[in-house]
Amino acid sequence: MSLANRDLLGIEDLDSDDIYRILDTARAFKEVSKRRIKKVPSLRGRTILNAFFEASTRTRVSFELASKRLSADAVNISSSGSSVSKGESLLDTAQTLDAMQADAVVLRHSESGAPHYLAGRIKARIINAGDGQHEHPTQALLDLCTIRERFPKLDGLDVAIIGDIKHSRVARSDLVAMRKLGMNVRLAGPQTLLPRDVARAYGCEVCDSVEEALEGAHVVVALRLQRERMKSGFLPTLQEYAIEFGINRHRLQKTHSDAILLHPGPVNRGIELSNDLVNGDRSVILDQVENGVAVRAAVLYLILGGDAL
Ligand code: CP
């Protein structure tokens, strides 16, 4: 089924054909990003409103850049400085933006399900840019895009996802997408941050140690500790987390000889990853950022039914 005129609420709503269509289109947009004039007229005259009610650097900037590279008109809204700070509800805010003839609303929100709540209540297409601890679909797509550049055949790859899986919308979107594409996913992290029901539901293996998860892995995804979503009691101390679950050069030796290291950012250096690994030869963290622009351009282009590239 075409992606045109659909919302993107989560990876759950995509099938493997949809995912590969987005990844293939992102490849073409990556080429546009390398040109001296980084712009195509595909979405000229369309209006994209980026409503970010939670902090973001990568996602917000890359959606804005992607919109501009497609020649769309992009407007950014955040809680501070908008009438949300005066108590306006999410639906009233969205209907206000809709009345300005937005074609798409890109929404980041701290509440899981916020984009689903708006879908169908406004005319504009809704694109989920991260909702609470639920999903972050474009992050999973850019992760797959980055992995595919190093390993063209995704089916059968072994992936280790390490850390705060419970609170991570990146982990959920990643593991759902990876399982849809036939990748093998192993999870490791503190027991309190390792939801076994999610692992079971998607056929992921739960490992007793980071070392077990890393053994022979082609891809390692280290997750940010979502301290803003933790009530007390999930972790003893950050130092203890770093000792038991932090990824360092020694632990990375357990992986496949061509293994790559991903992290959605922002990184807590010295906690999830040792400092030397962040910009080391296995790290593809900045490739993820670069691919974020191309993937978000592909999503906007396919959903808004842009003209030929
Ligand atoms: N990966 C990610 O969502 O980063 P930002 O919070 O900076 O957008």
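**Exercise 1. The second largest pocket**

Task: Find which element gives the largest share of the lining of the second largest pocket, then describe the rest of that lining.

Solution. Start with the share. α12 gives six residues, the largest share of the lining of the second largest pocket. Keep in mind that the model is predicted. Next, take the volume. The second largest pocket holds about 170 Å³ of space. Now go to the residues. The lining has 16 of them, and R58, T59, S62, V289 and R296 are the closest to the centre of this pocket. Then list the elements. α2, α5 (137-150) and α12 (285-303) give two or more residues each to this lining. Seven lining residues of the second largest pocket are nonpolar, seven are polar and two are charged.

**Exercise 2. The largest pocket**

Task: State how much space lies in the largest pocket, and which residues lie nearest its centre.

Solution. Volume comes before lining. About 320 Å³ of space lies in the largest pocket. Its lining counts 19 residues. Nearest the centre of the largest pocket are R108, R169, R224, G265 and P266. Now assign elements. At least two lining residues come from α2, and at least two from α6 (169-180). Last, sort by type. The lining of the largest pocket splits into four nonpolar, eight polar and seven charged residues.

**Exercise 3. A cis peptide bond**

Task: Identify which two residues the cis peptide bond joins, and place P266 in the chain.

Solution. Read omega. The bond between G265 and P266 is cis, with omega about -10 degrees. Then locate P266. The loop between β9 (260-262) and α11 (275-278) contains P266. Link this to the pocket. G265 and P266 are among the residues nearest the centre of the largest pocket.

**Exercise 4. Two positive phi values**

Solution. Take N5. Phi of N5 is near 65 degrees, positive in a residue that is not glycine. N5 sits in the segment before α1 (16-34). The relative accessible area of N5 is 59%, so N5 is exposed. The cut-off for exposed is over 50%.

Take S71. S71 is not a glycine either, and its phi is about 70 degrees. The loop between α2 (58-69) and β2 (73-78) holds S71. S71 has 18% relative accessibility, so S71 counts as buried. The cut-off for buried is under 20%.

**Exercise 5. The four-stranded sheet**

Task: Give the strand order of the open sheet, and explain why one side of β2 and of β4 has no neighbour in the sheet.

Solution. Write the order. It is β2-β1-β3-β4, with parallel pairing. Look at the ends. β2 and β4 (125-131) stand at the edges with a single partner strand each, so one side of each has no neighbour in the sheet. On average, neighbouring strands are turned by 15 degrees against each other, direction ignored. Zoom in on one pair. β1 (residues 47-52) and β3 (residues 104-109) pair in parallel over five bridges. Within that region, L49 is opposite V105 in β3.

**Exercise 6. The cavity**

Task: Say how many cavities of 30 Å³ or more the structure has, and what lines the largest cavity.

Solution. Count. The whole structure has one cavity of 30 Å³ or more. Size it. The largest cavity holds about 50 Å³ of space. Name the lining: F29, V32, S33, V40, R69, L70, V293, A294 and A297. Trace the elements. Classify. Seven lining residues of the largest cavity are nonpolar, one is polar and one is charged.

How values were computed. Residues numbered from 1 in each chain as written. Predicted model: local features only at pLDDT ≥ 70, side-chain atom pairs only at ≥ 80, totals over all residues. Heavy atoms only, no water. Buried < 20%, exposed > 50% of the residue type's maximum accessible area, 1.4 Å probe, protein only. 1 Å grid on protein atoms, 1.4 Å probe; cavity = no way out; pocket = protein on both sides within 12 Å on 5 of 7 lines; lining within 4 Å. Points joined across faces, edges and corners; volume = space filled by probe spheres on them. Nonpolar A, V, L, I, M, F, W, Y, C, P; charged D, E, K, R; others polar. Pairing = 2+ DSSP bridges. Axes fitted to C-alpha atoms, helices over the stretch in contact; angles between N-to-C directions.
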